[in-house]
Each structure stands twice: as structure tokens, then as C-alpha cells.
Amino acid sequence: GDGCGHTILGPESGTLASINYPQTSPNSTVCEWEIRVKPGQRVQLKFGDFDIDDSDSCHSSYLRVHNGIGPTRTEIGKYCGFGFQMDGLITSKSNEVTVQFMSGTHTSGRGFLAAYSTTDKSDLITCLDNASQFSEPEFNKYCPAGCVIPFADISGTIPHGYRDSSSLCMAGVHAGVVSNTLGGQINVVISKGIPYYEGSLANNVTSKVGPLSTSLFTFKTSGCYGTLGMESGVIPDSQITASSILEWPDQTGQVNTWKPENARLKRVGPPWAAFISDEHQWLQIDLNKEKRITGIITTGSTLAEYYYYVSAYRILYSDDAQKWTVYREPGMDKDKIFQGNTELYQEVRNNFIPPIIARFFRINPLKWHQKIAMKVELLGCQFSIGRAPKITMPPPPQNKNDNKNEEISDDVIHSVKTSLQTDKTTFTPEIKNTTVTPSVTKDVALAAVLVPVLVMVFTTLILILVCAWHWRNRKKKTEGTYDLPYWDRAGWWKGMKQFLPTKSAEHEETPVRYSSSEISHLRPREVPTMLQTESAEYAQPLVGGLVGTLHQRSTFKPEEGKEASYADLDPYSSPIQEVYHAYAEPLPITGPEYATPIIMDMSSHPNAPLGVPSISTFKAAGNQAPPLVGTCNKLLSRTDSTSSAQVLYDTPKGQPGPGATDELVYQVPQSVAHSTGSKDE
């Protein structure tokens, strides 16, 4: 009818509006939309704006929604009202819906704008929704087809972002993340605004310059929007060809040639230009192997004196440069016509949704200003899905000496034939708009799981090894420093020591010896006390030779923890942990006047001869002590002919006695010349 406004009815979603929306709709108009989706699915309808006169209670002006199409349809609801707010969605019972708009006599009312989709798109929004209506910093929404509307504005561009007042779905079309014909899902990210938003032309949407805003939004994409090598020179000159080349001599007679290799975006100098400007010219780019092509950027001549540019074109692609396919959007039976430049400098971007998978790429200009001239860059990424190898033939070489008109006519015939045969010979591949193929995605997911597991396993093994190493070292450190090996601690070794020869005094280090006369010549200050603070529980014996065994009547304390071995220099040496005095402590003041005799069992040793006294084990007067050998002094026996072997006790302190001298403080107990160490009272 005559009441239909902006309408795009896609296979899964679409947009519809009343005539003149958002201006006042005219009187006495009617429009009816029939919506069909795939069988087995249902339709949901959402209103972005609703403003219909209700002065006559929805009698002459209204919007009516029906289940089904045709005479058998049933009414879902009838709606009218100024600023009517529709809560929720209107859902059909089948895959077909009829929407009927009736406008009677009225003085105001904008009409309506609505969007529809299949019921599996639960996050459906309309073309009027903008980012300022959502508080989440990141969200996903479904945009319907047909959101390139003349009454919506956007400001900004990619990759900088769009002003928060911009229509989300229209900005998504401009950015190339959704198709205006098909609609699609958008992933929106909100961030802090910028002072200035640039304007640009992309995908038939013009973005305007915008002022400062508190926030902006961008889109998350697959990332397959890199340049493919025209500007950078990765694509060599030999892989850029054209249907014809513009050549002419200038005033100086020099021939100017606008060759195909000049068609590199942002390259200083002239562009590529066709010799003849008609709809059969083309610029061809060989990518050397199949690539995923997601977009194209074009400019005009970029030379002020030559105001040339292409304003509309088609895209063809091929795997072998022989059979060509014209690009069409899915579900469409017409070739896709891309909007080109509106002047010679501005860069205009167009995206392919779904992307093109091909090696050879052709641009076929359909409209131009003065002459066909352009510079281009392709956007996309590598294509990793393996295909069966194909034998590809390079395009036939151009013979510049032949008649150029003949070549152009041949190319025209060939182009027409291939374009007519595309439906029979080639098919549009089913490609998802992603940069990672399904197989690669599985590998990436598997790697994402295995790598952390392997790292954890190796880390655990390393920790176990480190702990075991530390435990082993700690165990070694806790063992006694002076512990003897197992064979040295065995009981049989004690018995073996009785059969070993005794160690002679000559083989030992000669210790320092003190006699009574030597001690008497020392001044008290010259004999400092070298003994430790802890006193020994037993006096250490000073006996020449090797004593084999100490019996129960010995007054010496046996060592704890270590048995004496034959190789030891001193069988009575104590471990380093405890240091004993080299001399016996003097008796306490309250004790008896006489020193307690040292009683030893010498039955296993020969009797000492008479007149051979032992060296005193008592502390000498004065402060200077004899030097120590090891921990304790090891002093050997010394012969003193003036001593008497018959004296059994020392002379009391301060009293004269036989063989006594004035220099000694204590007398040395004499050796007992008996086989048993009995004590006489």
C-alpha cells in the first residue's frame, strides 16, 4: 500500500516503518507486510517507536498483527496511542506473520518503527537503540537487517570508536561487523569518550564528525581485517594486471603510463586508469594463494589536476583466473553493487559479509567520474583450511603492440560469458566470519587445556625433587659430627683392642712437661687459668703409655658416644663438644686435708718400677697453665730419682714432709708398687 515506509525483510530478521517516519504520517494510507521465516521457527516483533493517533479508539488509525498470511490468518492484537510503550515482544504461533498499518484522518503522530527476528534471537534490539541506553560495560545484542536508515545518525569510525549517542546497529554496519541485508550479532564494549570523532564513508553509511562525549563504544571482531600487501608492496607488480592501461604524451613529449602497479593505496603519484572508460574494465590482483578477503578500501586519482574516481563497482573472484564468480550476499539473486568514492581523495571502505575465499580478485567499475581511475588496498587474513590442489593458469599476457580495442572487446566477451556462467560453475562457499578455522579452534582449545596441566605436572615433579634433596641434606646434618662408622661401633672391636700392641711414648708428640722445680720458678701472674667454665666431673688421667681397659673401680669417667680406637693418639680425649680440665680441681676448703688417692686396676699391665713417680694431676700455684695439646694435655711419665716409692700419701698443705719442697702447693700421689690398687688408711 501507500503507507509503507523504510522496509527490509530478511530471511531471519528485518526492519519496517510507516511512511514518512519519523515525521507525521499522511492521512488515509495503508500498508501491509507479510513476514516469513524458516519453517519450524516463530517470529518475534519488537517496537522501537510507536506514536499513532488514538482519538477514535483505534477505529481508523491503528496497527494490527496477525498469525499467518492470507484469509486464514488470526489476529494477535490491535494497537494505537500516542507514545505507546510496548512491554516485551509480540510472538507468533507459526513462521508467518502479517503486520497491517492503517492511518485515518489525524493531525499528529509519527507512526511506528519495528524490528523482527526469529525467536532464537532473544537479545533482539531495534535500529533506534544506542549505547547510552545500556549500563553494562560490555554486552551482546542482535541487530536486525535494514538498520541503515536515513533518520539515524552515527559519529566516529574504527578503530577509534563511535560516540555513545550513535545507533548501535547502524554503527555495526559502518564498522563492517554486521550486514545491513542480513543483520547479525554484535559484541559491544563501552569505554571513556574522546574529544573529537572523525567522519568517514563505509558500507554505504556516512559517519559524521562528532563532539566530545562522556563515553564511546567499539566492537569486538574476529581480527581478520589486516592489509594484504598492496600498500606495503608484499604483492609484487607482476601480480597486478588490468584490462587496459591509460597512456598519453605530455607537452614535453614524454609518455605518461598509468599502469596497474600504480593502483597501490597511499602510493605517491598517479593511480591506475583504464584506456577506455566503460563497464567492462577491470583491475585484477593475484594474491599468490587463497586468502580470506574481508574488505576493500578505495580512493580516486589523488591528483588534484585529474579529478578521476570510481563511484560504484562489482567484485569478482576466482581460484584459477578462468572461472569467475560475482559477489552476492547470501539469499540474494542480484549482484552486490558497492558504493565507491564521492571525490578523489577520501578513502572509502566496503566489507564482505561473509568474506571471500579466493586467490584472484577483480574490481569491475560500473560508475565513475570523468575516467576510471583508482587506488586500492585489500583487507583480510590467511586462509588455513586445506583444499584439494587445483591447477591454476596465469592470465594470458597482454600484447601491447596489438590493437587495444580488439583486446578490450575480447575481454568484454570473456567477462560476460564468465558472469553468465557463475550460477552453473561456481558456488558461494559457506564461510563463517571468523579468523580461526574450526580445526584450528579445536587445536587451540586442546592446547589451552594441556599446557597448564603439563606445567603443573612438571612443577610438582621439580618441587618433589627439591624437597627430597633438602631432606637428604638435613638428615646428613642431623647425624653426629663425631659418629663412627658401623664397624667402629661394633662390640667385637673392644675385644680385638686387647690383642693389639701398645703404642710407645716415642711415637706420640712430646707434650710439655712440668716439674716441681719448674713450677716453683713461675710467678703467679704467669700461670693464667686455661680451664673452661664447666668443671670436669672426673679428673683426666695423665698416664704414660696406652691404658687398655678401665674397670669398675676406676675414678675416671668413660667417654660417652665414642669408643677409643687403637689409632687415637689419646684414648682419654673427650669429644670437642665438652672440654674437661687438664688437671684435677683442688679439694674444697671444707674437705679433708689429704687428696684422695687415685686407685686404678693395673692388673693387666706390668708393675711400675720403684722410684718412678707419676706427674702431678693437680693444679699448680700461679696463673700460668701449661699449654694444651688437643682438647686436654697429654703428659707422659717422667723419672724423678729423688722421689720415694714408699710414700703413699701427699704431704698436707703447708707442712713439711719427706722429699717435700717449698715450691709445691700439692704433692703428687705416688705410684703403688703392688699388683692391686688397695688403699691404706
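Which side chain does a polar contact join to that of Thr181? The partner is Glu329, at 2.6 Å. A polar contact is a pair of N or O atoms within 3.5 Å; within protein, one must be able to donate a hydrogen and the other to accept it, and residues adjacent in sequence count only if both atoms are side-chain atoms.

This is a predicted model, where local features need pLDDT of at least 70, side-chain atom pairs count only at pLDDT 80 or more, and totals for chains, interfaces and linings use all residues. Residues are numbered from 1 along each chain as its sequence is written, and side-chain values use heavy atoms, leaving out hydrogens and water.

Thr181 is buried, with a relative accessible area of 17%. Buried means under 20% relative accessible area, exposed over 50%, partly exposed in between (1.4 Å probe, protein chains only). Arg362 is also buried, at 8%. Its side chain makes a polar contact of 2.8 Å with the side chain of Gln284.

Now the disulfides. The structure holds 5. A disulfide is a pair of cysteine sulfur atoms within 2.5 Å. One of them joins Cys4 and Cys31, sulfur atoms 1.5 Å apart. That link is right-handed, with 95 degrees about the S-S bond. Cys4 is partly exposed at 28% relative accessible area, whereas Cys31 is buried at 0%.

Cys58 pairs with Cys80, S to S 1.6 Å. This link is left-handed, at -85 degrees. Both Cys58 and Cys80 are buried.

Cys143 is bonded to Cys169 at 2.1 Å. The torsion about their S-S bond is about -90 degrees, so this disulfide is left-handed. Cys143 is buried, at 1%. Cys169 is buried, at 1%.
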